[in-house]
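Me: Could you walk me through this model? I would like to start with the rings and then move on to other parts.

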Amino acid sequence: PVGLVLCVAGGDRLVGQPLRIDGADLVWFAAGVGEVAVPIERAKGILRDRTTMPDLDAQRGSDEIYLLNGDSVKGIITAANEKSVSITPPGGNAVEVPLDNVRDILMATPPQGRAEAKPMAFLLRLANSAVVSADALRLNDEKIDFVASGNRKASVPTSFVAAIEHNAGPIAWLSAREPVSTVYTPFFEGRFTPLMDRTVTGGPIRLGNQTIQRGIGMHSKTRMTFNLQPGDKNFRSRYAIDPILGYANVDVRVYLDDKVMHETKGFKAGDVSPLVDLPLKGAKTLTLEVDYGAGYDIQDRLNWIEPAILRGQD
């Protein structure tokens with residue numbers, strides 16, 4: 001993506017620019033789609049494309065704006081448009097910050113947390129790397145009509161769509177679900193928090209010459225736990241470490257309700273795991289763990305490849 005990316009709880013990534021704040025909504029112009037109203041409590045952050053992404057899931061008591069020159073300001077964002085954003089620091093007056101000077105905007109965590117939204121039926125992946133949730137999809141030769149969040153009708157040119165995923169189908173991607181717990185414990189002072197559909201450094205996940213759209217990037221030591229849902233039948237995934245990370249050595253585990261169901265010790269760079277296929281058998285939680293191996297945490301950057309929940313009728 002080129003420009004600014006609005007990251008929304010649930011996985012949507014909208015490339016474009018802010019237009020205004022309308023009550024409890026941030027109105028965003030999404031390239032190729034048009035205006036989209038996003039509840040502010042669902043907005044995690046606005047990022048300028050970079051190789052390393054901040055931790056969007058960290059708890060924050062205020063909005064934070066980081067500038068390209070290294071400065072930052074914290075407070076409450078009260079206004080936004082295509083040229084600037086206004087933030088009011090505690091006990092101070094509103095400061096208008098030009099968007100051209102902004103590196104990242106990280107949104108405060110709502111006191112009640114970000115409630116999970118009802119999953120929409122489809123996910124559109126656009127040519128500019130945007131990800132848009134949709135319902136009631138209709139395709140023709142020139143455009144795709146759909147219903148976006150807030151029951152808003154929208155359309156996008158067919159030539160601008162890279163892929164369509166069916167969320168209501170038999171496969172649910174784990175990277176599209178919100179984890180209930182994420183614990184990252186660095187061995188030294190590094191900071192590589194896990195990322196959905198990206199490596200821990202923010203780049204695309206690759207396996208050989210193939211780019212993987214769905215995955216989770218983790219660095220040792222990380223534990224990520226998900227609640228399972230009625231109808232979840234099996235967990236399936238592979239995992240791998242980029243061959244260039246020659247010092248990597250990790251222990252990998254998958255837990256169901258805190259019981260180890262899969263474990264590999266001493267997993268190294270260049271290896272690709274066999275398929276992990278675990279019946280869920282009524283389990284309540286699923287936990288993925290990447291632990292320190294034989295080399296402390298040096299280069300321990302593992303990618304879960306297409307981690308999926310296979311679903312069926314109860």
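**Aromatic pairs and other contacts**

Reply: The count of aromatic pairs comes to four, where rings of Phe, Tyr and Trp (its six-membered ring) pair if their centres lie within 6.5 Å, and planes under 30 degrees apart count as stacked, over 60 as edge-to-face and the rest as tilted. One of them is F187 with Y292, an edge-to-face pair at 5.2 Å centre to centre and 90° between the planes. This is a predicted model, in which local features need pLDDT of at least 70 and side-chain atom pairs count only at pLDDT 80 or more, while totals for chains, interfaces and linings use all residues. Residues are numbered from 1 along each chain as its sequence is written, and side-chain values use heavy atoms, with hydrogens and water left out.

Me: Where in the chain do F187 and Y292 lie?

Reply: F187 is in the loop between β17 (181–184) and β18 (195–196), and Y292 is in strand β27 (residues 285–292), so the pair links distant parts of the chain, 105 residues apart. Strands here are DSSP runs (E, at least two residues), numbered from the N terminus. F187 and Y292 also form one aromatic cluster with Y296.

Me: And Y239 with F267, are those two buried or exposed?

Reply: Both Y239 and F267 are buried, meaning under 20% relative accessible area, with exposed set at over 50% and partly exposed in between (1.4 Å probe, protein chains only).

Me: Changing topic, what sits over the ring of Y255?

Reply: The charged end of R223 does, 4.6 Å from the ring centre; the rule asks for NZ of Lys or CZ of Arg within 6 Å of the ring centre and within 35 degrees of the ring normal.

Me: Now β8, why is it described as largely enclosed?

Reply: Four of the five residues of strand β8 (residues 84–88) are buried, so the rest of the structure largely encloses it.

Me: Which strands does β8 join, β7 and β9 included?

Reply: β8 runs antiparallel to β7, with four bridges between them, and antiparallel to strand β9 (residues 95–98), again through four bridges; two strands pair if DSSP finds at least two bridges between them. V85 in β8 stands opposite A80 and also opposite V97 in β9.

Me: How many residues lie between β8 and β9 in their hairpin?

Reply: Six residues lie between β8 and β9, and G91 in that turn has a positive phi of about 70°, whereas the hairpin of β7 and β8 has three residues between the strands.
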